[in-house]
Amino acid sequence: METLTDTDYKKATFPVEGMTCASCASSIESMLRNREGVADANVNFAGKSVQVVYQPELVNPGQLRETVQEIGFDMLIETQTQEELEGRVVKAIKALRTKTIVAGVLALPVFILGMFFHDTFTWGNWAMLILTTPILLWAGQRFFTGAWAQAKYGRANMDTLVALSTGIAFVFSVFNTVYPQFFLSRGLMPHVYFEAVAVIIAFILLGKYLEEGAKNRSSEAIKKLMGLQPKTVRILRDGVEQEIKIEEVRVGDRVILLPGDRVPVDGEVVSGTTYLDESMLSGEPLPVQKQPGDTIFAGTINQKGSVQLIAQKTGGETMLAHIIKMVQEAQGSKAPVQKLVDKIAGIFVPVVLGIAALTLLSWIVLGGQAYLTEGFLSMISVLVIACPCALGLATPTAIMVGVGRGAENGILIKDAESLERAHEVNAVILDKTGTITQGKPTVTDIEWAENVQDTSQLEAYFFSMEAQSEHPIAQAIYTYYKDAGAQLQQPDYFSSLTGLGIEADFNGKRYYAGNYKLLQQHNIAIPDVLAEHTKQLQNDAKTAVFFADESQALGVFAVSDPIKESALQGIKAMQEAGLEVYMLTGDNSQTAAAVARQVGIKNYKAELLPQDKADFVKELQGKGMHVAMVGDGINDAQALATADISIAMGQGTDIAMDVAGITLMRSELPQVAAAIKLSRATVRTIRQNLFWAFIYNIICIPIAAGLLFPFTGFLLSPMIAGAAMAFSSVSVVANSLRLRTVKLK
């Protein structure tokens, strides 16, 4: 059998139209998953989209769309801009508003006639029939077409419940209006329920209209991000300045930025000096100076100067585009709890249909023909009130608002699972370099051994070795000597020693550059003068880098990485949130102790290799702790992957960001506590939503069936049932929108 790899599959997200409840989402997922060539399908009911993983060789988007259309929905496969999608949403909401208003206007006289004049005017039934017909067949058409599309495949959803309840009531009422003698001859009153049909549809449409408006507001974070993209770009081609659409910019184009312009692409400044507002990326309000050689990103704002840049990344490749895509995918992903909810929603409607039938049967069996009317009303009430909308909206709306709230605050969440699981975290591990410290070390001290006479050649070797390394400390040394005008020499041999340092050969002689452990492993002696100097450096929280040959250390270099101004504040916020904070570093114990002391961390470990960091994560997990790992470098990737929740600093490496479930664009530690607070608030909201959605159905369905009637004589009106159903969905969405006001700092 041929084994399929990840490269055989394609993942794409498509907008879906026509969904009215969680059962709709379940039907679409089920149909797509059963399609040949589809590995997985996940519908976001609140976001009106479906994410499909499929094999392009076996199935194409057009065929996927046909599958969705077969059950009464539509999937948009043509490439559309956000503005076009927004236009479709606005148009649909306007159409829904029109039908809601018309249904409400027509339902009012029907309600008045049915409730107050049903025994007075014999022509009242005909008047109600005339007014109710357009409500049912025009305003409520969506329920019947949706129910029929589902019924053809043996499925049921909210449309089924509404269509059955209103359809049966309408047909029964029409029969009694046209042929009242049938029941009169049997000693029964020919009741009509036009008012119930009209008011139910009007209430449900009103609830849907309010729900759609609220759901539309839950995606405001995406709209704000989209708004950061300019529609046109000013470029210089063949010496001619011209303005073109953003979609027409190519890599290598020379882009002209004037004061006040929003940067359209990622690129490198080649001419001019300016200040940019980068708050959308860093959250920092102060402008950042940019000059030739500096990289700038799409979505930032040019404030003062005029510059030209060479486009390096355009369209969907820019950092802003990646952020938008990440937020969209996260909002469309499913939290673990949602999988259980989906299963419940999938069987909910068939169960309700059974309860409704049992309700009517129970009234007839226990009460006889005298209670036929009450049984009929109770059956309709059960069908109306038991809508799974609230259940289906409980999780995705909270996830959408939570992810959007995070994006607005520079917290990028990869998926719903990361957002949900982060609330369990009770231990946070921080890497030192680039996380607690600025990650931009500089050389502060140089000390050579007493027997070293001519240092110029040795410095050239040392400079050339460090130029080969990507470690931040090596880069600091390289920058120091480059600025001093040192000349590079090509080593005969070079090797990087993970967690230790580097080694190289020059003119047949081996040299080493790295930490104390490197010298220990190679039995290299350290002169007393250098040893004493090293202790002093470490006490001052400076990192000592040794340069040695095969026999002894020739010199020691002090590199200091300043602590971030916000580190103390961030660590304090984590501790106040009840989190145990640990610091791990590959640096020496003295430096680690000094940094930990300055930022208020009691638990730390030093001189660790990447594997050691991952092992420490497992050690804490073995004690029953839920661990979040915060890092920014390649050496953190293993620990990030091992942790329950991985958090990457946005200014770190791409590898760390790829592994991480949460990325902090501001690279500031207070954001860690903010991310945990956001997760806790989101999970709390999900639990509230699910509680009320379940309680609503558990309480309301028995009452609608007439459980209280034998004791109190109370029977729930189908009209009240319709209002309650509409209110339940709106209340869930409104509760989720409260996340937009949660204080994260």
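A nonpolar core is here a set of buried Ala, Val, Leu, Ile, Met, Phe, Trp, Tyr and Cys residues joined through side-chain atoms within 4.5 Å. Buried means under 20% relative accessible area, exposed means over 50%, and partly exposed lies in between, with a 1.4 Å probe and protein chains only. The model is predicted, so local features need pLDDT of at least 70 and side-chain atom pairs count only at pLDDT 80 or more, while totals for chains, interfaces and linings use all residues. Residues are numbered from 1 along each chain as its sequence is written, and side-chain values use heavy atoms, with hydrogens and water left out.

The largest nonpolar core has 78 residues. Leu-430 and Met-574 have the most contacts inside this core. Helix H26, residues 670-705, gives the most to the core, with 10 residues. Helices (H or I, at least four residues) and strands (E, at least two) are DSSP runs, numbered from the N terminus. Contact means heavy atoms within 4.5 Å. Leaving aside residues up to four places away in sequence, Leu-430 touches a set of residues that includes Ile-571, Met-574, Tyr-582, Val-630 and Leu-669. A second, separate core has 51 residues, among them Leu-129, Leu-136, Phe-194 and Leu-716.

The next topic is charge. Side chains of opposite charge can pair when their charged atoms come close. A salt bridge is counted when a side-chain nitrogen of Lys or Arg is within 4 Å of a carboxyl oxygen of Asp or Glu. By this rule the count comes to 14 salt bridges. In one of them, Arg-33 pairs with Glu-29, and the closest N and O atoms are 3.8 Å apart. Because Arg-33 and Glu-29 are 4 residues apart in helix H1 (residues 22-33), about one helical turn separates them. Glu-29 is buried, at a relative accessible area of 5%, whereas Arg-33 is partly exposed at 37%. Arg-33 also meets Asp-40 in a salt bridge, at 3.3 Å from N to O. Asp-40 is partly exposed, with 28% relative accessibility.

Another salt bridge joins the side chains of Asp-261 and Arg-234, at 3.1 Å from N to O. Asp-261 lies in the loop between strand S7 (254-257) and strand S8 (266-271), and Arg-234 lies in strand S5 (residues 232-237), so the pair ties together parts that are 27 residues apart in sequence. Arg-234 is partly exposed, at 22% relative accessibility.

Helix H13, residues 372-385, has 14 residues. The expected span of a helix is 1.5 Å times one less than its number of residues. For H13 this should be 20 Å, and its end C-alpha atoms are 20 Å apart, which agrees. Of its 14 residues, 11 are buried, so H13 is largely enclosed by the rest of the structure. The buried residues include Gly-375, Phe-376, Met-379 and Ile-385.

Last come some strands. Two strands pair if DSSP finds at least two bridges between them. Strand S18 (residues 501-506) and strand S19 (residues 509-514) run antiparallel and are joined by 6 bridges. Phe-506 has Lys-509 in S19 as its bridge partner. The hairpin of S18 and S19 has 2 residues between the strands, and Asn-507 takes a positive phi near 55 degrees there. S19 also pairs with strand S20 (residues 543-548) in the antiparallel sense, over 3 bridges. Tyr-512 stands opposite Ala-548 in S20.
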